[in-house]
Structures are given as C-alpha cells and as structure tokens.
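Please look over the structure shown below before reading on. The report that follows takes up a few local features, one heading at a time.

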Amino acid sequence: MLTDSFTKPDVASLKKTDIPTRKYTLLIVDDEEGPRQSLRVVFKDDYTILLADSGPKAIELAKQNRVDAVISDIRMAGMTGIELLGQLKAVDPGIEVIMLTAYETIETARQALRFGACDYLNKPFDIGTMRKAVASAMERRSLSDEMQMNNTKLLELQSQLQNQKLQEEISKSRGEIYASIIHDINGPLTIISGFIQLINQRIADANRVEGEALDMVKDRLKRMTRQVTNCIEISQRYLSFMRQRSTETARVRVNQVLKDLEELLRAHPSTANHELEITSLPKDVTLQINGTDLIQILLNLAINGFQATDEPHSVKITGKICSETPDLTKIQTGLNDALLNCDGLKSAGPVLRLSVEDTGPGIPPELISKIFEPYFSTKAPGKGTGLGLSIVHRLLKEANGCLHLHSVVGQGTSFNLYLPALTVHE
C-alpha cells in the first residue's frame, strides 16, 4: 500500500550520485497485483522494470536478465521472500534486494539482513522513502560494478606483465622504472590508507552504520575506488613506457584534470595545516598528453611545494592561455631560474601555461640545477625518494612541454609549465 505522498514523488531531493550512469534493471516481486503495478508506475521512467508474481518466476527472470536490484514482499505463497533472497544471491551475489513486509518481526528483519538484503521497509511506505532505498541500492550496484571492472583490469594487467619480456626491454633502466612506479603509486595508496583509517575510526564501535556515518563511508568508498583506478592507470602507463608505445593520440581536457587534482590534494596528508588554491581555466583547453601523466606532473609539483617546510604556507595552481609560444630564451638561468626542455616546445598555435606556486622558503641557488636529478633530495632520510621532480622532467619531455623554475630564498618557488594546446574551448 502507498501513502498520500504518492502524488508528489520527491525526485528533486535525490543526489546526482543516486542516479545510475546507465538504465539499470529493477525486478518487482509480489503475489498481489496491486503493489506490483503501483511500484511499476513509480519507477518505470527510471529503470527497466521486470515483474514477477512468485519466487520461482523471479528466479527465472534473474537467470535470463541482468537484474541490478529487487523489491520483494516477504510473505508470499509457495516461496517466501527470505527463501527468494537466498536463491537470488546464488544467481548473482551483486543483486541488491529490498524486502517489504506488513508483518514485521525482529527475527524476520534479522533473517533478511543476514541473507544479504540491503534494506528492509514496512508496508505501508511512502514514495520518498522507497525512492531513496532503490536509489541507494542502485548506487551500491554501480560501485560493485566499478570495483569488478577494476579487478578485471588488474587481472588483465597482471597477465600482460607476465607475458612481457621485461628482462630484455628494461635491463638498463630497471631500477629507475621500478622506483618511479613505486613513487607514483605511493600517492594514491597513501590516500586510500588515510580513508580506511578514517572509516575504521568512525565505525569501529558501531553495531549499525547509518545517517551521517553511512554517508561518510559511502563517500570514502567511492573515493578509494577512484584511487584504485588511478593506480591501475599508473601501472598501465609504465607498462606502455616499457613497451615503448606511442602516446601521440592521448588527449585530455585541463579543467577535469584540475578538478581531479584538487580532490587528490585535499585528501593528501602533505596538505595538512597548509592552504591550497586551484583555479579552473575560464576557457577549457585540450592538451596532447596522457591525463594520468598530467595529474602526476602537477601532483608531484604541488606535493613538493607543500613539503618544502612544515611551517604553514600556501600552494596555488593556476593556468593561462598564451596566444603564441613565449620566448623563454631571454631568461637568465643559474641564480634564481632554471629552464627544462625548452627546445622541445614547438607550437605555432596557442600554448597553455600551468603555474604551481608556493610561499615556502625557496630553493637555494646552489641547488637550482640539481633538483631535477634522479634521487636528489634535500629531505631527511626516509622522507623523500628524490624521484618526484625527475619524473616531472621525463613526463614533460615526452609531452613536448617545457618548464621554467623561478625561486627566491625567503619568498617561495614557482614552476611554470608550457604545453602546446590542441583546442581552446569557448
């Protein structure tokens, strides 16, 4: 049965994250025609709807179709909803099941949750509550799909690595490549570790997770999934490097990279007690560079800025479109300035300048020419690998970009990247 709120479904209150990225399939199971049709009307515009009037028919539909979520009555003739729940999970463990009953008992609720139900609602229910329950179930299904896809990619990557003749291809640079992989993956893994600790602190003593705590857990799980994806992309990039594959077709829009970069940095422990400012471009720009490479370049420069000192300071990341290639030959290198790969920047069209500026202590003049050397670090033993800036140098060279470093002791440091722009979007 439905309450009066049926006439005013609270669609506007749903978050964007509650809406699946594809049209998912919802199976409605009830041995009464009225509830089946009522729920079909509510959700027919949001999902592909399947109807079943019994448990056995629901199982057949689940075997013949990809079912993402199920709404099932508990008390049905022949096969109960609890029995159906167990058999649906046997067909597809990822199916999310919402149980309905007009005759609630504590034991029934416990059984439903023990067998894997994601929610348990009483009849009569209101449409707002039902919509939120189904949206939450679809969101969990979406997250499960994403994790499964990442697992598949990891297995494929492992297979590729096993089949690759690494000994012949990287015999001269094995140490540097392995160290670079460990350095780059360490960033996302640090973020994942921090999220896991935060989740454990919030739910360690809780018998049930709900409300703000549940929202926090769901949000952190999404972020961790994105970091796992980033680790996979980093590994694939280095595998491609070892195979010497061309990246000429790689393209990325800068504002999306800046958005992803801000999320990475906000969660990174190096930003604690410091200020971060990232400004999107007024007009988005497409660059010919692998997106993960660009994130790694900016991430390494930003973290380098944050780790310059423990004293509170700021790091600012901005961008500017230059109508033509800037003339950097007039810059006097040595005391406060350094130029990298400026001969490689060849562009007849617009050039994007990305700046990473910090208000830290600055770099002493005698170190300006050394900081991009592999394994060079001014940090205490155990606190730095000396690889971050050398990775920036290599990735920037591969993208035909150049870098101007300007630093004054006591005033701070700025890294200005120049990359040819393929398209400036209006």
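## Two packed helices

Helices α2 and α3 are roughly parallel to each other, in what is a predicted model. Helix α2 covers residues 55-64 and helix α3 covers residues 81-91, and their axes, which come within 10 Å, cross at roughly 15°. An angle under 35 degrees counts as roughly parallel, and the crossing of α2 and α3 is therefore placed in that class. As for its hand, the crossing of these two helices is right-handed.

On the side of α2, the contact is made by Gly55, Ala58, Ile59, Ala62 and Lys63, while α3 contributes Leu84, Gln87, Leu88 and Val91. Sorted by class, the residues in this contact of α2 with α3 comprise six nonpolar, two polar and one charged.

## An aromatic pair

When the whole structure is searched for aromatic pairs, one is found. Its members are phenylalanine 43 and tyrosine 47, whose rings lie 6.0 Å apart from centre to centre, with 40° between their planes, an arrangement described as tilted.

Are the two partners buried or exposed? Phenylalanine 43 has a relative accessible area of 1% and is buried, and tyrosine 47, with a relative accessible area of 7%, is buried as well. Both values fall under the 20% that marks a buried residue.

## Two asparagines with positive phi

Most residues other than glycine have a negative phi. Against that background, asparagine 273 has a phi near 70°, a positive value in a residue that is not glycine. This asparagine 273 is placed in the loop between α9 (254-267) and β7 (275-278), and with a relative accessibility of 68% it counts as exposed.

Asparagine 400 likewise has a positive phi, of about 60°, although it is not a glycine. Its place is in the loop between α11 (388-398) and β12 (402-408). With a relative accessible area of 45%, asparagine 400 is partly exposed, since a residue has to be over 50% to count as exposed.

## Serine 144 and threonine 225

Serine 144 belongs to helix α5, which is formed by residues 127-163, and at 30% relative accessibility it counts as partly exposed. How far apart are the C-alpha atoms of serine 144 and threonine 225? Although these two residues are 81 residues apart along the chain, their C-alpha atoms are separated by 9.8 Å.

Note on methods. Residues numbered from 1 in each chain as written. Predicted model: local features only at pLDDT ≥ 70, side-chain atom pairs only at ≥ 80, totals over all residues. Heavy atoms only, no water. Axes fitted to C-alpha atoms, helices over the stretch in contact; angles between N-to-C directions. Helix = DSSP H or I, 4+ residues; strand = E, 2+ residues; numbered from the N terminus. Parallel < 35°, antiparallel > 145°, perpendicular 65-115°, else oblique. Left-handed = near helix turned anticlockwise from the far one by under 90°. Contact = heavy atoms within 4.5 Å. Nonpolar A, V, L, I, M, F, W, Y, C, P; charged D, E, K, R; others polar. Phe/Tyr/Trp six-rings, centres within 6.5 Å; stacked < 30°, edge-to-face > 60°. Buried < 20%, exposed > 50% of the residue type's maximum accessible area, 1.4 Å probe, protein only.
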